[in-house]
Amino acid sequence: GTKSGTHGGPVSLSLASPEMCFVFSNRYKLQTWQQLWLWLVEAEQTLGSPNTDEQIQEVKSNLDNPDFKMAAEEEKQLPRALMVHVHRFAHCCPKAVGIIHPGTTPCYVGNNTDLIVLRNAFDLLLPKLARVISQLADFAKERAELPTLGFTHFQPAQLTTVGKCCCLWIQDLGMGLQNLKRVRDELCFQGVKGATGTQASSLQLAEGGDQKGEQLDKMATEKAGFKRAFIFTGETYARKADVEVLSVLTRLGALVHRICTDIRLLANRKELEESFEKQQIGSNQNPTRSEQCHSLARLLMTLVVEPLQTFERTPDDRAFLTAESGNTVLNTLQNTSEGLVGYPNVTKRRVLQELPFTATENIIMGMVKAWGNCQACHEKIRALSQQAAAVGKQEGGESHLTEHTQPDAYFSPVQGFLEEEVCPLVMQVKGELCL
């Protein structure tokens with residue numbers, strides 16, 4: 001999507017939720033700027049400044065009264081968006097002109113707004129991720145005992161269950177949830193800082209000492225809903241905070257990429273599919289949501305760069321695009337997780353096809369107990385497995401590994417295991433498929 005001008009309406013993001021669009025909109029940014037001016041004058045009054053109740057009430061009454069038309073006209077004369085709105089807001093609050101924005105820099109409202117936006121964006125992401133985990137947990141519980149093939153290098157390996165496979169996704173997402181919450185909770189407010197990160201201008205206006213400056217910083221931080229402010233800043237807050245935001249969202253992208261890869265592969269095997277509406281036809285029945293998540297997850301995974309910062313002021317490398325993409329990824333993943341459809345009979349048929357091969361580990365362990373040579377047995381099993389697989393690959397027929405091991409005298413120590421456990425298990429799965 002593209003963002004509108006500095007005096008325009010909300011951000012346009014084709015896949016973002018309305019809530020996230022509003023958080024990143026110019027309207028919300030402007031409202032937050034005005035709120036920051038209010039918090040500042042209230043805190044200054046508490047600490048002894050001559051700000052009057054009448055002036056503060058006038059600021060309060062105009063918080064939700066943005067005049068974008070006036071701002072557009074002002075912008076023709078003043079190129080800086082923030083100063084445009086300082087002038088516009090002062091026009092709306094003629095009695096409070098003298099107390100709006102003095103002693104601060106554009107970064108007081110600009111950077112603090114950025115931090116508020118990031119925090120609020122996290123507050124939208126966290127419940128979405130929790131919802132995905134909840135949906136997948138329900139899916140896993142329903143299939144906790146449904147056997148399926150496990151894979152190594154996407155080749156059939158030992159048996160596992162559909163529920164357990166889903167729990168691998170849940171565990172990853174749970175760690176992602178913890179990391180998102182940690183970074184959200186560790187976000188600091190920039191606070192009330194001046195052009196070089198000091199409070200010289202504020203202290204001069206308030207005619208107070210260092211203690212009053214610290215109190216002003218603390219009060220503004222509390223009003224904004226943050227637990228702490230940066231102790232040291234330049235004119236901007238440390239861009240290391242942006243790195244942390246980018247990094248945790250990039251790791252979230254990696255988790256989603258893994259999950260959607262699994263879903264797409266299982267859809268190819270006809271074991272799993274996304275839900276689709278009755279009116280959907282053709283390619284719309286394919287795993288399109290997972291493909292969409294895949295694409296956005298790759299975007300998230302490539303956006304970690306170390307923001308540039310020099311001395312007290314820095315270029316504005318922002319983490320916002322990543323936060324918006326993270327929201328869209330979770331929206332789509334939530335939609336996908338709510339409608340996953342499994343096909344147990346297909347899963348059982350896949351198990352049956354590979355079941356004799358999955359018993360090889362048990363055969364090897366039984367042979368080791370009898371002969372003690374794991375490497376020799378492993379090589380023997382490998383050769384017989386290739387023979388059995390060749391029947392299906394080259395001839396299109398069905399041939400099980402047990403048909404090759406039973407006649408071989410080498411495996412005589414485990415013939416009882418083959419006859420009593422492997423073969424009956426094959427028959428059991430066949431019987432279930434016939435029900």
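Before the details, please keep in mind that the model is predicted. The protein contains 17 helices and 4 strands. Of its 435 residues, 48% are buried. If we take the contacts in the protein with a separation of 6 or more, 75% of them are between residues 24 or more positions apart.

I will begin with helix α2. Helix α2 runs over residues 26-46, which is 21 residues. From its first C-alpha to its last, α2 reaches 30 Å, close to the 30 Å expected at 1.5 Å a residue. Is α2 mostly covered or mostly exposed? It is mostly covered, with 15 of the 21 residues buried. Just after α2 comes G48, and this residue takes a positive phi of about 110 degrees.

Next is the pairing of α2 with helix α3, which spans residues 53-61. The two axes come within 10 Å, and they cross at roughly 165 degrees. Angles over 145 degrees count as roughly antiparallel, so α2 is roughly antiparallel to α3. The crossing of this pair is left-handed. Which residues meet there? From α2 we have L38, V41, E42 and Q45, and from α3 we have D53, I56, V59 and K60. By type, the residues of this contact divide into 4 nonpolar, 1 polar and 3 charged.

Now the second pair. Helix α6 covers residues 106-142, and helix α10 covers residues 240-268. Their axes come within 13 Å and cross at roughly 20 degrees. The cut-off for roughly parallel is an angle under 35 degrees, and α6 and α10 are therefore roughly parallel to each other. As α6 passes α10, the crossing is left-handed. On the α6 side, the residues in the contact are L118, F122, L125 and L129. On the α10 side, they are D242, V245, V248, L249 and L252. How do the residues of this contact divide by type? There are 8 nonpolar, no polar and 1 charged.

To put the two pairs side by side: α2 and α3 are roughly antiparallel, whereas α6 and α10 are roughly parallel. The α2 and α3 crossing is left-handed, and α6 also passes α10 in a left-handed crossing. As for the residues, the contact of α2 with α3 includes 3 charged ones, while the contact of α6 with α10 has 1 charged.

Key:
Residues are numbered from 1 along each chain as its sequence is written. This is a predicted model: local features need pLDDT of at least 70, side-chain atom pairs count only at pLDDT 80 or more; totals for chains, interfaces and linings use all residues. Side-chain values use heavy atoms; hydrogens and water are left out. Axes are lines fitted to C-alpha atoms, for helices over the stretch in contact, and angles run from 0 to 180 degrees between N-to-C directions. Angles under 35 degrees count as roughly parallel, over 145 as roughly antiparallel, 65 to 115 as roughly perpendicular and the rest as oblique. A crossing is left-handed if the near helix is turned anticlockwise from the far one by less than a right angle, and right-handed if clockwise. Contact means heavy atoms within 4.5 Å. Ala, Val, Leu, Ile, Met, Phe, Trp, Tyr, Cys and Pro count as nonpolar, Asp, Glu, Lys and Arg as charged, and the others, Gly among them, as polar. The expected span of a helix is 1.5 Å times one less than its number of residues. Buried means under 20% relative accessible area, exposed over 50%, partly exposed in between (1.4 Å probe, protein chains only).
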